[in-house]
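Biologist: I'm new to reading models like this one. Please take a close look at one part for me, and then show me what surrounds it.

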Amino acid sequence: MPRSALRILLWTAVAVVGAISFAMVALRRGESINAIWLVMSALCCYALGYRFYSKFIATKVLCLDRRRATPAERLEDGRDFVPTNKWVVFGHHFAAIAGPGPLVGPVLAAQFGYLPGTIWILAGAVFGGCVQDFVILLFSVRRDGKSLGQMAREEIGRVGGFVAFVAVISIIIILLGVAALIVVNALKASPWGTFTIAMTMPIAVFMGLYLRFLRPGKVLEVSLIGFVLVLLAILGGQAVSHHATWSVWFTFTAPALAVMIIIYGYAASALPVWLLLAPRDYLSTFVKLGTIAVLALGILFIRPTLHMPAFTRFIDGTGPVFAGSIFPFAFITIACGAISGFHALISSGTTPKLISRESEARMVGYGAMMAESFVAIMAVIAACVMQPGTYFAINSPAGIVGTAPETAAATISSWGFPVTAGDMQALATAVGEKTLYNRTGGAPAFAVGMAHIFSHSLGGERLMALWYHFAIMFEALFILTILDAGTRVGRFMLQDGLGHIWKPLGRTSWYPSIFATSALIVGSWGYFLWQGVKDPLGGINSLWPLFGISNQLLATVALCVATTILVKMGRARYIWVTLAPLVWLVSVTFTASYQKIFHANPRIGFLAHAQQLAQETPANAARAHELSRLIFNDRLDAVVTGVLVVLVCAILIESVLEWSRVLSGRKQAVASETPFVPTRFAEEAGQ
Amino acid sequence: MKNEEVRMKNEELRMKNEGIRMKNSFRDRVSTGFALVLATLREIFDENAYARFLLLRQIEPSRAAYAAFLRENAYRRERRARCC
């Protein structure tokens, strides 16, 4: 049989298997399904998307040219620009884009059932997220590795550059606030978890000193040692949690943990990079890559059953985890697993400086995002293997279900998801916690699901508590790394911006400027964290949508840049490739923003909630003070959302005007690519 | 150092990756896969960056060399965004 016929048969088989798997996932009602159907449908979607859609984009839309030298080859300096093997770049890029987002978002969105999140993750990635990462990477490669902000300024105009700058600063601040809140909610009243996470700091410092003075440069070796020490810290945490005195020392309330994290964030961002940031970054990457691989194997090995229905009653917007209907809130809750504007920063950061052949941008940009999307599918599975009653007991805030176990269990059971106080106590004991109620934020629910999968693969129920705390450590470890690194990145951006106003503020070695800008960044995300901790609805209800909106608005900026470049390249007939996800994102984010600001339901609309609070008659002065603070927070959230939308409107209008000028012939289409230089790799390969 | 010289210095590192592609037997493919995973980890964990730093300056690994590498690398690492 000729090879072409074999290929047709193979891809037909993939399409058929994918269709059957997806039918199993989508059409079963009222009965549990096996997670393997989800895995199969996802893998087939990715295979078809990569083979056909990304190839179409590569050949017809972007016209990738294997003979064109990349900046890694032309500007090779052994430091920033280094031609690197495509698989190595793929791994490097994936490690850079994978964070807590694809784990937390799908867990929160599971309140709608497993199906809405799954469909959005697959469709969003194949037609949106992968495309965005791929085109931005390629356009950055063709511009000597320029950043998204630089491309926005050059291709769209000064407004584009300014909006990209503000969007990035905003997203960093909101992200850090939400990420810190997730850690706080996971560690509150948990001496085991708090001890383990506290120990990661001296372990990281030890790794830094080991690398600097004992075995310079042996990063893999010290990461392995650090990993073993972290495992010992998890075991030590168990002992601490059972010790009468030590368990008290490591038991903290949410506000106390928030204050500690804010102080830590400020101190850590001022320490030398080699002492804390770099070694903990190595450690968290080591744990992250290993855990994701083991989780994938665990799911394939035990093939768990999903207990969450395809749709829950909360598709109407009355969900306890966060308020709002499927459209638009499912699509902003899940960002990183489907499409994330933050990825555009990575795709226009280090990665374009490592690509050795232009054709490899497809595998790195499109392919790594598919891998990230698969991580999100695993998070859906981890959330949905739990009984729905358990899921809602963990993720519902005290303001909705109350704090008493019996009341919470009765409320959740009344929704049609039976759970008893006894079940929850047994689960809490099994994972080594006093209680699992009101653990909003997604991390504890993901940890329970992951512990469930791991304990069925390795060690049985006896190791459930160890696996749970391993999962908490895994999430908290790289969230703390993000806090430290994000504060530094935000500080440098702020210094760059302020340097235009007063030169000394832009000097990154001037301590008054360092202290002031660090305080400004930490104070900003610390404020959001404090707001979340004090929120009776758990904080996630208002902050996660805010994060999702800002992340998707950044994706809107990236897609505006990509569409503008396609128009200028003379590829206007194919602009639907970036225009379709752009239109979708604009409709999702603008609807979500409008609803978050103006919706009449106080659980959704910031202003309606502020008005509801304003009508309350305070019982005493303390309550009056708390009310005025909550009202201010609601109005602040509304203003932040509004400002982001106005800025993105500005870049949208400027982009559309630019397209119109170019397409009508009033402006010459000039894309600022670096001129063609033939690659010497082609000569070496005889091409 | 000029681009051409840098290119020559890096050739040794690159040839390791290019050379292993030529092998075809199952055993060689397994070892190629293993080598790629190791190369990826070494890139992610900055061991390759340190090796390139030593090659560029033609110096032996030492505490002083690593301290110099950390100083040079700190600027880039501090500005490297971590994704959500």
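Modeller: I will start with chain B, follow it to chain A, and then stop at a few places inside chain A.

First, some bookkeeping. Residues are numbered from 1 along each chain as its sequence is written, while chains are lettered from A and ligands numbered from 1 in the order in which they are written. This is a predicted model, in which local features need pLDDT of at least 70 and side-chain atom pairs count only at pLDDT 80 or more, whereas totals for chains, interfaces and linings use all residues.

Let's begin with chain B. It has four helices and zero strands (helices are DSSP runs of H or I with at least four residues, strands are E runs of at least two, and both are numbered from the N terminus). Read along the sequence, that gives the pattern α-α-α-α. Of the 84 residues in chain B, 24% are buried (a residue is buried if 20 or more other C-beta atoms, placed from the backbone, lie within 10 Å of its own, exposed if 12 or fewer, and partly exposed in between).

How confident is the predictor here? The average pLDDT of chain B is 77, and 71% of its residues score at least 70 (pLDDT is the predictor's confidence in each residue, from 0 to 100). Within chain B, helix α1 (residues 3-19) has the lowest mean, 54, and helix α3 (residues 47-57) has the highest, 92. For the complex, the predictor gives an ipTM of 0.80 and a pTM of 0.91.

Now for the meeting of the chains: 36 residues of chain B are in contact with 48 residues of chain A (two residues are in contact if their C-beta atoms, placed from the backbone, lie within 7 Å). On the chain B side, α1, α2 (26-44), α3 and α4 (63-79) each supply at least two residues. Helix α4(B) gives the largest share, nine residues. By type, this side of chain B holds 16 nonpolar, five polar and 15 charged residues (Ala, Val, Leu, Ile, Met, Phe, Trp, Tyr, Cys and Pro count as nonpolar, Asp, Glu, Lys and Arg as charged, and the others, Gly among them, as polar).

Asp46(B) lies in the loop between α2 and α3 of chain B, and its phi is near 65°, a positive value in a residue other than glycine. Most residues other than glycine have a negative phi, and most peptide bonds are trans. Asp46(B) is buried, because 22 other C-beta atoms lie within 10 Å.

In chain A, 58% of the 687 residues are buried.

Chain A has its own backbone details. Asp144(A), in the loop between α6 (114-141) and α7 (148-155) of chain A, has a positive phi of about 60° although it is not a glycine. Asp144(A) is partly exposed, since 16 other C-beta atoms lie within 10 Å. Elsewhere, Phe327(A) and Pro328(A) are joined by a cis peptide bond with omega about 10°, and Pro328(A) sits in helix α14 (residues 326-333) of chain A.

Finally, look at two buried residues. Leu148(A), in helix α7 of chain A, is buried because 28 other C-beta atoms lie within 10 Å. Leu148(A) and Ser347(A) are 199 residues apart in sequence, yet their C-alpha atoms are 8.5 Å apart. Met386(A), in the loop between α16 (360-384) and α17 (388-395) of chain A, counts as buried because it has 25 C-beta neighbours inside 10 Å. Not counting residues up to four places away in sequence, Met386(A) touches His307(A), Tyr391(A), Val448(A), Gly449(A) and His452(A).
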